Amino acid sequence: MGPLEWNGWKVYYYADDMVEFCTGSFGLIPSTTYKGFYYSEDDEPHGFQDVPVEFVKSGNGWSWAESEGDNTQYTERIAAHWYWYEAKF
């Protein structure tokens with residue numbers, strides 16, 4: 001479902017496990033960066049827009065990179081059930 005808006009941010013709700021707040025984006029398609037944070041019901045990292053991806057531990061969080069392309073995501077836990085993200089497509 002979505003997007004809804006809250007305080008000028010786009011808000012997306014995915015099934016029963018994730019609510020994503022997109023706090024900003026910049027760039028022109030096909031090269032756009034999205035930033036924000038999300039609530040994770042299962043307290044696990046989730047892909048941008050709740051798309052399943054294979055994260056690997058990276059620094060203080062997790063990263064994902066498309067095997068045959070330039071799409072990437074980094075996510076980091078900021079509190080119990082809350083994660084920050086940056087996704088590039």
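## Exercises: salt bridges, rings and core

Lys88 has a relative accessibility of 38%, so this residue counts as partly exposed. The cut-offs are these: buried is under 20% relative accessible area, exposed is over 50%, and partly exposed lies in between (1.4 Å probe, protein chains only).

The model is predicted: local features need pLDDT of at least 70 and side-chain atom pairs pLDDT 80 or more, while totals for chains, interfaces and linings use all residues. Residues are numbered from 1 along each chain as its sequence is written, and side-chain values use heavy atoms, without hydrogens and water.

**Exercise 1. Find the salt-bridge partners of Glu86.**

Solution. 
- Step 1: apply the rule. A side-chain nitrogen of Lys or Arg must lie within 4 Å of a carboxyl oxygen of Asp or Glu.
- Step 2: take Lys88. Its side chain meets that of Glu86 at 3.6 Å, N to O.
- Step 3: take Lys35. Its side chain meets that of Glu86 at 3.3 Å, N to O. This pair links distant parts of the chain, with Glu86 in strand 8 and Lys35 in strand 4 (residues 31-40), 51 residues apart. Strands are DSSP runs of E, at least two residues, numbered from the N terminus.
- Step 4: join the pairs. Lys35, Glu86 and Lys88 are linked in a network of salt bridges.
- Step 5: check Lys35. With a relative accessible area of 32%, Lys35 is partly exposed.

**Exercise 2. Which parts of the chain does the pair Asp43 and Arg77 tie together?**

Solution. 
- Step 1: confirm the pair. The side chains of Asp43 and Arg77 form a salt bridge of 2.7 Å, N to O.
- Step 2: Asp43 sits in the loop between strand 4 and strand 5 (56-58) and Arg77 in strand 7, so the bridge ties together parts 34 residues apart in sequence.
- Step 3: check Arg77. This residue is partly exposed, at a relative accessible area of 40%.
- Step 4: count. The structure has three salt bridges by this rule.

**Exercise 3. Describe two ring pairs of Phe48.**

Solution. 
- Step 1: know the terms. Rings of Phe, Tyr and Trp (its six-membered ring) pair if their centres lie within 6.5 Å; planes under 30 degrees apart are stacked, over 60 edge-to-face, and the rest tilted.
- Step 2: start from the total. The whole structure holds twelve aromatic pairs.
- Step 3: take Tyr85. Phe48 and Tyr85 are tilted, at 5.7 Å centre to centre and 50° between the planes. Phe48 is in the loop between strand 4 and strand 5, Tyr85 in strand 8, 37 residues apart. Phe48 is buried at 10%, and Tyr85 is buried at 0% relative accessibility.
- Step 4: take Phe89. Phe48 and Phe89 are also tilted, at 5.4 Å and 35°. Phe89 lies in the segment after strand 8, so this pair ties together parts 41 residues apart in sequence.
- Step 5: check Phe89. At 28% relative accessibility, Phe89 is partly exposed.

Terms used: Helices (H or I, at least four residues) and strands (E, at least two) are DSSP runs, numbered from the N terminus.
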